[in-house]
Amino acid sequence: MSFDTLGLSADLLRAVGEQGYTEPTPIQIRSIPVVLEGRDVMASAQTGTGKTAAFTLPLLHKLAGEGSGKRVRALILVPTRELAAQVQANLDAYGRYVGLRSAVIFGGVNINPQITKLARGVDILIATPGRLMDHMQRRTVDLSKLEVLILDEADRMLDMGFLPAIERIVKALPIARQTLLFSATFSQEITALAQRFLRDPVRVETAAPNSTVELIAQKAIQVDQAKKQKLLSWMIGNEDWKQVLVFTRTKHGANKLARQLEADGLTAAAIHGNKSQGARTKALNEFKNHKVRVLVATDIAARGLDIDQLPHVVNFEIPNVPEDYVHRIGRTGRAGREGLAISLVCGAEHGLFSDIRKLVKAPIPTEVIEGYEPTEPLSRTAGKVQARGGSRQGQGSGRGQSQGRSSGGQGRSGQGSRQGSGRSDAPRAGSSGRSGGSRSGNRSGGSHGNSSGNSRSSEGQRSSSSGSSRSWGRKVA
Ligand code: AMP
């Protein structure tokens with residue numbers, strides 16, 4: 001299917017062509033015509049599916065021609081400044097022949113330039129809820145003539161506690177307006193929000209709610225918390241990953257991990273809410289330009305990061321909220337490209353990861369890496385480690401054969417049933433000189449012998465995506 005059939009103007013089609021897009025993504029095919037019709041839309045759209053263009057293109061089409069900049073005609077509410085900046089970049093790119101004025105306002109920076117820009121006149125305003133409330137209180141923004149409201153990543157805005165702000169903002173808007181709600185996941189809260197703010201919305205679901213983007217190969221590696229960092233350094237070096245986004249749960253954890261990776265000879269930067277906007281932008285740019293190989297981020301800071309062809313995402317710690325997993329791994333496999341998402345799961349996170357499996361409804365093979373075999377008991381409950389001697393689910397009969405120097409390869413399964421026959425020969429085990437500058441391969445906690453272990457995945461299924469789901473040289477289960 002081509003973009004020409006969606007009803008968009010020639011100016012927009014030209015700009016889309018210049019972006020190199022050859023055909024619309026499923027969310028664009030489904031959303032653009034109904035938005036053009038003027039209907040409210042509630043769309044479940046995972047990040048990386050082209051959702052921004054799904055609402056910005058019809059928005060630009062509708063507002064084109066009448067751009068005066070005298071009143072705000074459309075408001076796009078987003079959870080983070082990164083996403084705000086990114087939506088504006090998209091609007092600039094798609095709207096280059098349309099001649100509308102847009103502005104972006106978010107917190108953490110001086111408000112005065114934003115006031116000046118608003119005073120000059122804006123057609124489309126992109127804003128985070130907190131800073132927009134500030135402007136409303138100062139009466140530096142007038143939303144009384146608004147025609148279109150877009151809530152982007154609505155689930156994340158609720159997670160971040162923006163509901164009261166959103167309620168107050170929506171109260172100040174005209175009732176006769178078009179409202180579009182985009183959310184990666186459809187929780188009860190999101191459905192309730194949609195019932196209150198949307199009128200007879202068309203529901204657009206391009207994938208099963210909460211399912212993960214199909215092109216992302218997912219796998220879990222069971223490893224003790226204390227060994228995660230060394231394992232990560234080793235994987236990056238040994239697999240020669242050039243660009244890895246790593247998630248931690250806390251800001252402090254992000255800083256610490258970035259420092260440890262640097263100590264292992266990898267270039268790394270941390271990005272989180274305590275960093276200034278300038279520092280965040282710098283870190284992101286260095287990562288995008290391949291000056292920094294590893295970007296360590298907290299969930300909130302990573303929202304909205306759009307990095308072309310990001311091949312690897314690592315969950316260094318498992319998120320407390322299962323939906324965050326969907327957001328995190330959506331950073332890879334963007335716009336039809338393949339990606340690999342790896343979760344390092346320690347014993348205490350076993351319960352959390354089980355919840356994620358239920359949510360995403362996808363098989364996520366579990367592996368154990370030689371030299372990093374877990375010793376911690378598996379907890380069913382988030383954050384709670386069972387007493388030693390308690391039941392160890394799924395331990396036991398794995399027969400990963402390894403000829404590595406150390407373990408002799410009695411593998412362990414983390415997830416119980418072992419119907420698996422996924423067999424992976426490990427061609428590059430212990431490959432010397434492939435560590436891309438990382439010293440970690442020689443310093444990590446385990447041995448790096450010439451394992452050529454046949455291995456099994458405990459889910460009985462290898463990751464589906466081809467190129468990305470490579471086997472690990474040292475995998476033992
Ligand atoms: P989004 O889900 O909006 O964050 O978009 C993810 C990425 O897909 C962005 O880099 C967009 O530039 C890109 N993109 C959006 N629509 C298309 C399309 N139809 N074809 C190819 N890439 C696209």
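**Strand S12**

Start by selecting strand S12, residues 312–315, and show its side chains. His312 and Val314 point one way, Val313 and Asn315 point the other way, and all are buried. Here, buried means that 20 or more other C-beta atoms lie within 10 Å of the residue's own, exposed means 12 or fewer, and partly exposed is in between, with C-beta atoms placed from the backbone. In a regular strand, side chains alternate between the two faces of the sheet.

You are looking at a predicted model, in which local features need pLDDT of at least 70, side-chain atom pairs count only at pLDDT 80 or more, and totals for chains, interfaces and linings use all residues. Residues are numbered from 1 along each chain as its sequence is written. Helices (H or I, at least four residues) and strands (E, at least two) are DSSP runs, numbered from the N terminus.

Strand S9, residues 244–247, runs parallel to S12 and is joined to it by four bridges; two strands pair if DSSP finds at least two bridges between them. Click on Val246 and you will find Val314 as its bridge partner in S12, while Phe247 has Asn315 as its partner there. Turning to S13, S12 pairs with it in the parallel sense, again over four bridges. Val314 has Ile342 as its bridge partner in S13.

**The sheet around S12**

Seven strands with parallel pairing form an open sheet, in the order S10-S11-S9-S12-S13-S8-S14. Strands S10 (268–271) and S14 (366–367) stand at the edges with a single partner strand each, so one side of each is left without a neighbour in the sheet. Next, select helix H10, residues 228–239, which packs on this sheet and touches S9, S11 (294–297), S12 and S13 (339–345). The direction of H10 makes about 155° with that of S13. Axes are lines fitted to C-alpha atoms, for helices over the stretch in contact, and angles run from 0 to 180 degrees between N-to-C directions.

Are its residues Ala268, Ala269, Ala270 and Ile271 buried or exposed? They are all buried, with Ala268 and Ala270 on one side and Ala269 and Ile271 on the other, so that both faces of S10 are covered. S10 runs parallel to S11, and four bridges join them. Look for Ile271 opposite Ala297 of S11.

**The other sheet**

Now select strands S1 to S7. Seven strands form an open sheet in the order S3-S4-S2-S5-S6-S1-S7, and the pairing is parallel. S3 (102–105) and S7 (202–205) are the edge strands, each pairing on one side only. From one strand to the next, the twist averages 15°.

Met42 has Arg203 as its bridge partner in S7. Helix H3 packs on this sheet, touching S2 (74–77), S4 (124–127), S5 (148–151) and S6 (178–183), and its direction makes about 165° with that of S6.

Stop at Pro201, in the loop between helix H9 (188–197) and S7. With 18 C-beta neighbours inside 10 Å, Pro201 counts as partly exposed. Leaving aside neighbours within four places in sequence, Pro201 is in contact with Asp40, Val41, Met42 and Ala194; contact means that the C-beta atoms, placed from the backbone, lie within 7 Å. Draw a distance from Pro201 to Leu181: the C-alpha atoms are separated by 9.2 Å, with the residues 20 apart along the chain.

**Two helix pairs**

Two packed helices are described by the angle between their axes and the distance between the axes.

Select H3 (residues 51–63) and H4 (residues 81–94), which pack at about 45° with their axes 10 Å apart. H3 and H4 are therefore oblique to each other; angles under 35 degrees count as roughly parallel, over 145 as roughly antiparallel, 65 to 115 as roughly perpendicular and the rest as oblique. Thr52, Ala53, Thr56, Leu57 and Leu60 of H3 make the contact with Val87, Asn90, Leu91 and Tyr94 of H4.

Finish with H6 (residues 129–138) and H8 (residues 163–171), whose axes come within 9 Å and cross at roughly 45°. H6 and H8 are therefore oblique as well. Show Pro129, Gly130, Leu132 and Met133 of H6 with Ala165, Ile166, Arg168 and Ile169 of H8 to see the contact.

Methods. Contact = placed C-beta atoms within 7 Å.
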